[in-house]
Amino acid sequence: MTTPVPLDELDRGLMEALMIDGRAPFSKIAEVLEVSDQTVVRRYRRLRTSGMLRVIGLPLGNRVGLFESWLRVQCAPDAALAVAEALARRPDISWVKLGSGGTEINCLTKARTREDRDGLLLDKLPRTRRVTGVSAHTILRVYYGGPTGWCGLDVLRPGQIAALGQAPARPPVVHGQGQERYALDEAEHALLAVLAQDGRAGYPELARASGLSESTARRRIDRLRELRALYFDLELVPSALGYEAEATLLLTAAPARLAEAGAALAGHPEVPFAAAVTGTANLMAAVVCRDTDALYTYMTERIGAVPGIQHVEVIPTLRNLKRAGMLVEGGRLVDPPPAP
């Protein structure tokens with residue numbers, strides 16, 4: 001395990017600023033944090049090089065027509081890690097977690113076509129040696145996650161947050177409601193491929209990858225953000241901030257209270273992602289707490305007060321292998337291998 005890089009208040013302030021706007025100019029962040037531009041650049045490079053954080057640009061799945069599913073893959077105990085590592089190398093899988101005593105893999109797929117999704121679910125996984133079961137749950141509605149981020153950082157003052165362009169409130173985000181799908185063209189797919197590796201990539205690099213001019217690449221990105229087809233996220237490893245207990249919750253809510261329960265989960269600072277899904281459980285939430293005692297308190301006091309919840313299954317996370325497209329190795333975020 002790599003020794004964590006010690007973080008001070010300035011590091012945390014920089015992380016929070018990037019969580020608000022991952023492409024905010026360093027000069028603007030420096031002004032908000034009341035330090036020099038050079039200090040911000042130096043801190044960012046140190047944190048990124050050490051694998052503590054990564055700014056990435058991602059499409060909103062429902063908005064651009066991606067086929068998103070959450071998978072539970074059951075494996076023989078001696079095969080789960082190898083299968084999880086193989087899944088983490090796939091470019092169409094953005095999250096991979098090992099849980100449930102080391103025999104279950106949870107992952108989130110984002111396929112460009114229905115055929116790609118079905119090929120994974122109906123052909124590749126069932127034929128994988130030592131996989132004993134697969135269940136797929138379609139993401140129906142995201143209540144929280146994506147462009148709203150995770151509020152595990154509370155360093156900046158309200159005025160500083162406002163200066164970066166976001167109010168300090170934490171409103172839930174409902175993706176896919178009342179929005180038409182946006183069809184990405186090949187140039188935009190090329191832009192997104194670069195931004196998925198480095199959300200702060202410069203316009204010369206983006207122009208070379210997409211075949212567009214720098215000014216056109218800038219306009220395309222601005223347009224995609226305005227259309228809510230693209231957002232910039234700060235990905236980090238929660239344990240680096242002292243959050244050691246992660247789990248996936250599968251919750252069953254009465255259908256008439258599903259939206260209410262989802263909105264309630266979206267208001268919990270412990271929840272970086274909450275969605276309605278298909279299956280016997282109709283809600284899924286990722287939970288991050290400081291330790292198992294805090295997780296217990298969250299379950300008994302916060303989940304217990306959510307309206308309409310009838311059943312809860314807790315899947316502790318034993319290991320994260322991939323987070324938002326970034327591999328996790330030794331507690332560090334690293335680039336995935338190039339797609340074949």
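What follows is a conversation about one predicted protein model.

Trainee: Before we start, what kind of model is this, and which pLDDT do local features need?
Mentor: Residues are numbered from 1 along each chain as its sequence is written, and side-chain values use heavy atoms, with hydrogens and water left out. This is a predicted model in which totals for chains, interfaces and linings use all residues, side-chain atom pairs count only at pLDDT 80 or more, and local features need pLDDT of at least 70.

Trainee: Good to know! How many helices and strands does the protein have?
Mentor: Both kinds of element are DSSP runs numbered from the N terminus: helices are H or I with at least four residues, and strands are E with at least two. On that basis the secondary structure comes to 12 helices and 12 strands.

Trainee: Which radius of gyration does the protein have, and what would a compact globule have?
Mentor: The radius is taken over C-alpha atoms, and the globule rule is 2.2 Å times the number of residues to the power 0.38. The C-alpha trace spans about 55 × 45 × 45 Å along its principal axes. For 340 residues the rule gives a value near 20 Å, and the protein agrees because its own radius is 20 Å.

Trainee: How far apart are the centres of the positive and negative side chains?
Mentor: Lys and Arg count as positive and Asp and Glu as negative, while His and the chain ends are not counted. Each charge is placed at NZ of Lys, CZ of Arg, CG of Asp or CD of Glu. There are 41 positive and 39 negative side chains, and the distance between the centres of the two sets is 3 Å.

Trainee: Let's zoom in on Asn320. Which side chain does the side chain of Asn320 join in a polar contact?
Mentor: Asn320 lies in strand 10, residues 309-323, and it counts as buried because its relative accessibility is 11%. Leaving out residues up to four places away in sequence, Asn320 touches Val96, Lys97, Glu246 and Val328. A polar contact is a pair of N or O atoms within 3.5 Å; within protein, one must be able to donate a hydrogen and the other to accept it, and residues adjacent in sequence count only if both atoms are side-chain atoms. At 3.1 Å, the partner of Asn320 is Glu246.

Trainee: Is Arg228 buried or partly exposed?
Mentor: Arg228 is in the loop between helix 10 (214-226) and strand 6 (230-236). Its phi is near 60°, a positive value in a residue other than glycine. Because its relative accessibility is 36%, Arg228 counts as partly exposed.

Trainee: What about Asp92: how long is the polar contact between the side chains of Asp92 and Arg90?
Mentor: Asp92 is in the loop between helix 5 (80-88) and strand 3 (93-99), and at 15% relative accessibility it counts as buried. Beyond its neighbours within four places in sequence, Asp92 is in contact with Leu108, Thr109, Lys110 and Leu120. The polar contact between the side chains of Asp92 and Arg90 is 2.8 Å.

Trainee: Last one: how far apart in space are the C-alpha atoms of Phe232 and Ser69?
Mentor: Phe232 is in strand 6 and is buried, with a relative accessible area of 6%. The residues touched by Phe232 include Gly22, Ile56 and Leu195. Phe232 and Ser69 are 163 residues apart in sequence, and their C-alpha separation is 21 Å.

Definitions and conventions. Buried means under 20% relative accessible area, exposed over 50%, partly exposed in between (1.4 Å probe, protein chains only). Contact means heavy atoms within 4.5 Å.
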